[in-house]
Amino acid sequence: MTTISGYNFAYLDEQTKRMIRRALLKAVAIPGHQIPFGSREMPLPYGWGTGGIQITAAILGADDVLKVIDQGADDTTNAVSIRRFFAKTAGVATTTRTDAATVIQTRHRIPEAPLTENQILVYQVPQPEPLVKLEPSRAETRRMHALAEYGAMHVRLYEDITRYGQVAISYDYPVMVNDRYLMAPSPIPAFDNPKLHQMPALQLFGAGREKRIYAIPPYTNVRSLDFEDHPFRAGRAPHACGLCGADTSYLDEVVVDNAGGRLFVCSDTDYCETRRDAGHVGEAA
Amino acid sequence: MTLSLPGFADPVADAQACFRAVLTAMSRPGTPQRITSPLTPPAPLGIAAAAVLLTLVDGDTSLYLADHFANAADWLRFHCGTDPSPDRTTAGFVLADSLPDLATLAQGSDEAPQDSATLLLPVESLTAGARFTLRGPGLQAPTPLAVTGLPPDFAARWAANHAQFPRGIDLILCAGDTLVALPRSLSLGEA
């Protein structure tokens, strides 16, 4: 794809990149702490990944290979348009293969394949404040983070257990980072939460509308909130992928006809394709 | 006249490469990172320290220069677009020639710990000298670090900085074209 002229490398101007880079370095030094930044207006609306795009623009170099996923898929509108955006404005190579990418921007999934020390995972975050549904005031939640006062979240989990017999949070499941900050892992399924812990790759989080950046350095302790007698459990649909037969991956449920037919397939399209290329066959393939 | 010395040959690509080196250094403490972009900073400013300043400092930040680096002030004014601040206690970036009392630098607040100083400190060597063991986020296992040029009581002074986490300063040690970052989250033992 040919790069377009008239824009700086990777779209953002250098002063904006410096501002984001300074925020990123402080974010890495204070794992899980949300840092305000001057989120710019991007050529797509808030809610389409502007936070992640700004972080990607600030870190991307000409040698990087970029992968973008949306709910695990490389081929949905958001993923395709962001990948094309950086191919045009930065001229970087893009890929759909998890193992070939150096920077992976993601909306709401962590790839199934384990990430390495040479990769950076950039999350698009709609709501960075894990306490927002418990305390609407930003001034108050800032103070709660300052005091590490997270009892309200434990009460919320406890109320779930009394009502439903289990914690009824299936995505954006709150985590404690480095035993200090309560953090929203963006709306990844709770299934992905264990991958946050001690991940070899650097994880960066950008919330464009909410104007916050935060980070988890590599090999950092990330614990999903739970109780001793109700330990955290990562759920997945009790099926095997219809296309590749994987029985440990996170699955999407797809309606295939008007007669109630259902197909469960891997949400991570690259993982599914890699398995099918290797000869694995699911029941519906 | 130091102003005749150029900054980055390719300001966009060189700043990006330097930033990624600092980001890697900050997220993998103790791992030396080399600045590969050609740079001729005015003496006594070293390549790594100069590259970090060119990459991160601009008119939106405050920079304190120790007197030792007065010769580089004009160069930094021109290439970073910042006027060095006379106030060390509030500066976002501090370039020192010897380790200052860390508690006198901006520490950030409990609500905004990011409003703290990033200290750049040139040292003689990052491969030989006093040995430390690093532990903390970014490190899978305790990691060794050897530095020549830190005061003998550095471990105790760093412990005081680390103890007030999430407040505290972040330190970037520079030796020639190589740098090592010590984020405040890091605990450091003498080895």
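B:Pro166 sits in the loop between helix H4 (154-163) and strand E7 (170-175) of chain B. Helices (H or I, at least four residues) and strands (E, at least two) are DSSP runs here, numbered from the N terminus. B:Pro44 is in the loop between strand E1 (33-34) and helix H2 (47-56) of chain B.

Before going on, a word on what you're looking at: this is a predicted model, where local features need pLDDT of at least 70 and side-chain atom pairs count only at pLDDT 80 or more, while totals for chains, interfaces and linings use all residues. Residues are numbered from 1 along each chain as its sequence is written, chains are lettered from A and ligands numbered from 1 in the order in which they are written, and side-chain values use heavy atoms, with hydrogens and water left out.

Back to chain B as a whole. It has four helices and nine strands, and from the N terminus on they run α-β-α-β-α-β-β-β-β-α-β-β-β. The C-alpha atoms of chain B fill a box of roughly 45 × 30 × 30 Å along the principal axes. Its radius of gyration is 16 Å, which agrees with the value near 16 Å for a compact globule of 191 residues. That radius is taken over C-alpha atoms, and the globule rule is 2.2 Å times the number of residues to the power 0.38.

Phi of A:Ala10 is near 65°, a positive value in a residue other than glycine, and A:Ala10 lies in the segment before H1 of chain A. Most residues other than glycine have a negative phi, and most peptide bonds are trans.

A salt bridge is a side-chain nitrogen of Lys or Arg within 4 Å of a carboxyl oxygen of Asp or Glu. A polar contact is a pair of N or O atoms within 3.5 Å; within protein, one must be able to donate a hydrogen and the other to accept it, and residues adjacent in sequence count only if both atoms are side-chain atoms.

| Interface | Buried area | Salt bridges | Polar contacts |
|---|---|---|---|
| chain A and chain B | about 3,100 Å² | six salt bridges | 17 residue pairs |
| domain 1 and domain 2 of chain A | about 900 Å² | zero salt bridges | seven residue pairs |

Between the chains, one of the salt bridges joins B:Asp58 to A:Arg22, with the closest N and O atoms 3.3 Å apart. H1(A) gives the largest share of the side of chain A that touches chain B, 11 residues. The contact (heavy atoms within 4.5 Å) takes 39 residues from chain A and 37 residues from chain B. In chain A, A:Arg22, A:Leu25 and A:Lys26 lose the most area to chain B, together 21% of what that side buries.

Notes
Buried area = accessible area lost by both parts, 1.4 Å probe.
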